[in-house]
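Me: I would like to learn how to read a structural model step by step, beginning with the terms and then turning to the case at hand. Could you take me through it?

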Amino acid sequence: MAGIKALISLSFGGAIGLMFLMLGCALPVYDKYWPLFLLFFYILAPIPYCISRRVGDDTDSASNACKELALFLTTGIVVSAFGLPIVFARAEVIAWGACALVLTGNAVIFATILGFFLVFGSNDDFSWQQ
């Protein structure tokens, strides 16, 4: 039953994060939809880590180059997702209030993605192919 509660909490977190992103775009004060490009970053962020878990060997070495490369790429994607709204706000494409809402949504969504991997990533017997 703990899995169901975790899944409901993660879906709630994702919904709250997307709500902040939509508020940063759709409020009549801001009315610019450029921050929706961050959806690409949300989709791309977990892909390197998922690939490294499939491809990487299961040795107990202290350093795994494939996993470290995946974490580096994921970090680059996450930093870019936080930097893009700031660049938009500095270029006066979006307002600073919209930037704050989008950055709040980023924090919530990336915390939700991290929570997903912490909750469901530790079990080796769990598979989506069941």
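Reply: Let us begin with burial: a residue is called buried under 20% relative accessible area, exposed over 50%, and partly exposed in between, with a 1.4 Å probe and protein chains only. Phe116 is partly exposed, because its relative accessible area is 25%, whereas Phe117, at 18% relative accessibility, counts as buried. Please keep in mind that this is a predicted model, in which local features need pLDDT of at least 70 and side-chain atom pairs count only at pLDDT 80 or more, while totals for chains, interfaces and linings use all residues. Residues are numbered from 1 along each chain as its sequence is written, and side-chain values use heavy atoms, with hydrogens and water left out.

Me: How many helices and strands does the protein have, and what share of its residues is buried?

Reply: Helices (H or I, at least four residues) and strands (E, at least two) are DSSP runs, numbered from the N terminus. Here there are five helices and zero strands, which gives the pattern α-α-α-α-α along the sequence. Of the 130 residues in the protein, buried ones make up 29%.

Me: How should I read aromatic pairs, and how many does the structure hold?

Reply: Rings of Phe, Tyr and Trp (its six-membered ring) pair if their centres lie within 6.5 Å; planes under 30 degrees apart are stacked, those over 60 are edge-to-face, and the rest are tilted. The structure holds seven aromatic pairs. In one of them, the ring centres of Phe82 and Phe110 are 5.9 Å apart and the planes lie at 40 degrees, so the pair is tilted. This pair links distant parts of the chain, since Phe82 belongs to helix H4 and Phe110 to helix H5, 28 residues apart. Phe82 is partly exposed at a relative accessible area of 29%, whereas Phe110 is buried at 11%. Phe116 and Phe117 form an edge-to-face pair, with 5.5 Å from centre to centre and 75 degrees between the planes. There is also an aromatic cluster formed by Trp34, Phe37, Phe40 and Phe88.

Me: Which helices supply at least two residues each to the lining of the second largest pocket?

Reply: On a 1 Å grid over the protein atoms alone, a pocket is an open set of points where a 1.4 Å probe fits, with protein on both sides within 12 Å along at least five of seven lines; lining residues have an atom within 4 Å of a point. Grid points are joined across faces, edges and corners, and a volume is the space filled by probe spheres set on the points. The second largest pocket has a volume of about 320 Å³, and of its 15 lining residues the closest to the centre are Leu71, Thr74, Ile113, Leu114 and Phe117. Helix H3 (47-55), helix H4 (65-90) and helix H5 (96-120) each supply at least two lining residues, and H5 gives the largest share, six residues.

Me: What does the side chain of Asn106 reach, and is Asn106 buried or exposed?

Reply: A polar contact is a pair of N or O atoms within 3.5 Å; within protein, one must be able to donate a hydrogen and the other to accept it, and residues adjacent in sequence count only if both atoms are side-chain atoms. Asn106 is found in helix H5, and its side chain reaches the backbone oxygen of Ala81 at 2.8 Å. At 0% relative accessibility, Asn106 counts as buried.
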